[in-house]
Amino acid sequence: MHYHFLDPYRPAKSVLHTLDPRVKLVLTVAFILAVALAPTAAWPLYTLLLALAVAAAVAAELGVTYALKRALLALPFALAALPSLFTLPGARLFSLQIGQWVLTATEPGLQRVLSVVLKSWISMQAAVLLTATTEFPDLLVAMRAIGVPRLLVAIFGLMWRYLFVLVDEAIRLIRARDARSGSPMGQGGRTVWWRARVTGGMAGNLFLRGYERSERIYAAMAARGYDGEVRTFPQPPLNIGQIIVLIGGLISLGALTLLGIWFW
Amino acid sequence: MLFAPKFLPLLVDSQMHIPDGFLSVLVSVVCWGLTVLGVGVALWRTGQELDERKIPLMGVLGATIFAGQMLNFSVAGGTSGHLMGAAIAAILLGPWPAVLVMTSVVSIQALLFQDGGLLVLGANVFNMAIVGVFVAYGVYQTILTLTRNKPWGTFVGGFVAAWTSIVIASLVVALQLALSGTSPANISVPAMGLIHMVIGAGEGLITIGALAFLYATRRDLLGLAPAGPSRASNRAVWIGGLIIALALAVLSPLASIHPDGLEWVAEEQGFLNTAQDAPYEIIPDYVFPGLPDERVATILAGIVGALIVFGTALGVAYLRHRRQPDTAYEA
Amino acid sequence: MVKTTSQEILIKNLNFSYPDGQMALSNVSLEIQRGERVAIVGPNGAGKSTLLLHLNGILRGDGRVRVAGLEVPGASDGALRRVRAAVGLVFQNPDDQLFSPTVFDDVAFGPLYMELPPQEVDRRVTRALAWVGMEEYAGRVSHHLSTGEKKRIAIATVLAMEPRLLALDEPSAGLDPRARRSLIELLCTLPQTLVVSTHDMRLVQELCPRTVILDQGRLVADGSTQEILNDEVLLNTHGLERP
């Protein structure tokens with residue numbers, strides 16, 4: 001069974017797809033760092049960075065709005081920043097009256113909130129593009145290359161491999177529970193405690209299956225010589241074209257960052 | 001993943017995974033440093049403690065927790081509770097492998113599903129995989145010891161460990177947001193804390209349910225973890241976890257009453273932001289709509305904090321008088 | 001006594017119980033020569049899979065198990081590695097056996113752990129995939145494949161280790177008729193000694209000249225496939241049917 005809803009990769013033969021995953025990972029993190037270092041209310045800089053992200057989406061043959069829409073997922077968390085609207089002192093924008101309290105929104109407050117939300121939205125687009133253009137096994141290679149310990153990468157790999165299998169099992173459990181959760185008048189469901197126990201039982205069930213599966217996997221690994229060490233196929237070094245892209249990208253992002261710091 | 005509170009004030013989303021852009025670079029970098037340290041130690045300790053089954057076991061359990069987070073059940077109104085997993089991982093595997101498992105869960109969530117940012121991944125891993133696991137383990141071991149390893153101690157311990165891990169992790173998130181200048185402490189701390197005290201109950205219930213199931217079917221799996229205090233490093237986690245819980249329980253109400261210290265830190269990061277960023281000035285009357293007075297909100301948080309402190313103080317006292325036989329670790 | 005060098009497997013008086021006390025194998029003795037193709041049949045729970053797991057030391061029971069000239073129980077680490085390189089064990093559920101991110105990684109796993117140099121690993125992977133007819137699948141991700149494709153890749157993962165002996169657990173289980181037919185054809189082309197545990201009596205008929213019946217951990221019959229499959233009483237007694 002395929003679970004594409006869990007797999008963000010979108011196959012294509014674009015420039016971004018064929019770029020070395022190591023380069024992509026480093027540039028993505030560098031981009032997010034550049035966005036993070038951009039000062040508050042540096043609207044022109046945000047526009048430039050957004051344009052970069054959109055350009056990348058187009059280069060990836062994903063369309064202008066692909067990343068824009070998916071990055072909106074971060075929005076609910078924006079509520080965390082909302083209080084700043086009312087708590088930063090400065091020029092008064094408007095006031096809200098709630099009962100006996102007066103909430104005063106200020107200009108710096110608005111700038112702070114908008115900046116946080118925009119920066120978050122733009123950052124997330126980079127991450128969306130990375131996963132849409134890079135298959136996960138390649139991301140693993142990239143992680144090893146930037147120094148993530150091999151044991152950890154091995155765990156990531158196994159976890160990802162069995163994610164789909166176990167989510168499949170979880171969905172089957174949920175369906176089985178739902179199929180037995182009917183009632184003629186739509187009432188019922190008993191107490192929270194009972195529901196939690198059922199859910200907890202399902203969780204325990206999943207763990208058990210997971211554990212037993214891991215035993216079988218271990219047997220399969222042992223049968224092919226696994227001895228506890230992590231051994232991997234060595235990766236070829238970056239070719240000159242990739243290196244140029246990498247350095248070019250880093251320099252551009254660095255320039256944008258410095259631009260932001262000097263002018264705003 | 002997503003939690004949709006409909007009856008709680010919408011000021012603070014209850015999601016624990018922080019996206020990029022909400023933490024300052026300094027806070028992110030510091031959290032990365034702590035995370036690299038913690039995960040490094042976990043790698044080292046796990047390499048020494050578990051045998052070669054470790055990779056498939058941890059990988060699959062990570063996938064299981066991930067899949068388990070899809071299970072949910074309605075708590076009340078429109079809300080639903082689901083699993084973070086630090087507690088159950090710590091109880092089943094022991095602290096250090098649990099750190100690695102949770103690290104992979106949080107990382108994959110960020111990498112694949114943008115559940116949490118990449119630059120702030122260090123902070124998210126720190127909150128859930130290190131603080132979450134440490135606190136869960138510390139509380140669990142304490143309660144096991146208090147109940148002298150009776151079976152019901154496992155369940156009570158599981159519940160309280162899970163609940164505490166969620167609450168404390170959420171307080172860390174609130175503090176990180178405050179230190180970054182994103183959200184004032186006297187709102188974020190009480191809001192995060194209170195919301196997650198409710199969510200934590202869900203985590204606790206699911207954890208008990210899972211433990212009960214395993215207790216009935218494969219009791220031997222509950223002994224997978226290296227026995228409690230028999231290893232110095234596990235003892236360190238136990239105590240460390242309690243200290244973290246204690247510290248946060250005390251500091252958070254303080255921070256929310258006197259956010260100036262945190263504001264000062266946020267302001268000092270101004271060299272990375274604009275020079276015109278002004279510090280917070282808290283106007284007390286309307287900072288926490290929904291509760292009549294900021295003081296009441298923080299008092300509430302303080303009371304709960306005090307309860308936690310009291311409970312852990314009890315635990316620490318018992319620690320000194322514990323008589324726990326070292327049980328052999330079965331591979 | 002002159003030992004025949006063509007003896008591939010020797011099992012003498014093997015007993016095995018699971019940790020919970022359940023007896024799985026009882027005084028099993030079996031001898032298999034190089035190049036033979038032997039089917040192990042029996043009802044569920046007879047111990048077929050358990051027996052296979054003894055061939056490469058994943059399970060260790062009481063009794064003697066000698067594979068490819070090496071004594072398995074009590075083997076040193078080095079000897080055990082040699083055994084596992086000599087015995088290609090293909091598990092029943094290919095999902096358990098394909099645990100790496102890509103097909104290439106999975107097929108390369110065995111050779112990598114044999115500490116072969118990268119070029120040799122690459123060569124073996126290409127050869128193994130070609131043998132099972134899945135050369136273009138090297139870059140694919142395992143979980144997207146069909147069961148039939150996964151079973152073939154699983155076979156490739158052990159072929160890459162160039163074993164002398166292949167042990168397959170329920171190879172045709174879960175396959176649709178077309179995939180099953182193509183799998184049987186593949187198995188017929190393999191030069192290795194074959195030990196196949198299965199319920200699929202037609203596969204036994206086509207592939208294995210010799211059949212062994214296991215029931216409740218005991219070896220109750222060992223002879224030519226033709227004779228055994230014609231003995232309806234014997235088959236029915238042990239929960240089997242004629243093809």
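1. Chain A is divided into domain 1 (10-144 + 236-263) and domain 2 (160-223); such bounds come from an automatic or database domain assignment. The C-alpha centres of domain 1 of chain A and domain 2 of chain A lie 37 Å apart.

2. A word on the source. The model is predicted: local features need pLDDT of at least 70, side-chain atom pairs count only at pLDDT 80 or more, and totals for chains, interfaces and linings use all residues. Residues are numbered from 1 along each chain as its sequence is written, while chains are lettered from A and ligands numbered from 1 in the order in which they are written.

3. The contact between chains A and B takes 81 residues from chain A and 75 residues from chain B. Two residues are in contact if their C-beta atoms, placed from the backbone, lie within 7 Å. On the chain A side, at least two residues each come from helix H2 (21-37), helix H5 (84-87), strand E2 (101-106), helix H6 (107-133), helix H7 (136-145), helix H8 (150-179) and helix H9 (192-223). Helices (H or I, at least four residues) and strands (E, at least two) are DSSP runs, numbered from the N terminus. H9(A) gives the largest share of this side, 21 residues. By class, the side of chain A that touches chain B has 59 nonpolar, 16 polar and 6 charged residues. Here Ala, Val, Leu, Ile, Met, Phe, Trp, Tyr, Cys and Pro count as nonpolar, Asp, Glu, Lys and Arg as charged, and the others, Gly among them, as polar.

4. Chain B itself has 10 helices and 2 strands. From the N terminus on, its elements run α-α-β-β-α-α-α-α-α-α-α-α. Of the 331 residues in chain B, 60% are buried. A residue is buried if 20 or more other C-beta atoms lie within 10 Å of its own, exposed if 12 or fewer, and partly exposed in between, with C-beta atoms placed from the backbone. Among contacts in chain B with a separation of 6 or more, 77% are between residues 24 or more positions apart.

5. The contact between chains C and A takes 28 residues from chain C and 26 residues from chain A. Helix H2 (77-86), helix H3 (94-97), helix H4 (103-113) and helix H5 (118-131) of chain C each supply at least two residues of the chain C side. The largest share of that side, 5 residues, comes from H4(C). The residues of the side of chain C that touches chain A divide into 15 nonpolar, 9 polar and 4 charged.

6. Chain C has 10 helices and 10 strands. Its radius of gyration, taken over C-alpha atoms, is 18 Å, close to the 18 Å that the globule rule gives for 243 residues, so chain C is as compact as a globular protein of that length. The globule rule is 2.2 Å times the number of residues to the power 0.38. Along its principal axes the C-alpha trace of chain C spans about 50 × 45 × 40 Å. Buried residues make up 49% of the 243 residues in chain C. Of the contacts in chain C between residues at least 6 apart in sequence, 65% join residues at least 24 apart.

7. Strand E1 (residues 7-17) of chain C runs antiparallel to strand E2 (residues 23-33) of chain C, and 7 bridges join them. Two strands pair if DSSP finds at least two bridges between them. C:Gln7 has C:Gln33 in E2(C) as its bridge partner. E1(C) and E2(C) form a hairpin with 5 residues between them, and C:Gly21 in the turn has a positive phi of about 100°. E1(C) also pairs with strand E4 (residues 62-67) of chain C, in the antiparallel sense over 5 bridges; C:Asn15 stands opposite C:Asp62 in E4(C).

8. Where is C:Gly61 found? C:Gly61 is in the loop between helix H1 (48-55) and E4 of chain C. C:Gly61 counts as buried because it has 21 C-beta neighbours inside 10 Å. Not counting residues up to four places away in sequence, C:Gly61 touches C:Leu14, C:Asn15, C:Phe16, C:Leu25 and C:His54.

9. An open sheet of 6 strands in chain C has the order E6-E7-E8-E3-E9-E10, with mixed pairing. Strand E6 (87-90) and strand E10 (218-224) of chain C are the edge strands, each pairing on one side only. Strand E9 (residues 210-215) of chain C and E10(C) pair in the antiparallel sense over 6 bridges, and C:Ile213 stands opposite C:Ala221 in E10(C).
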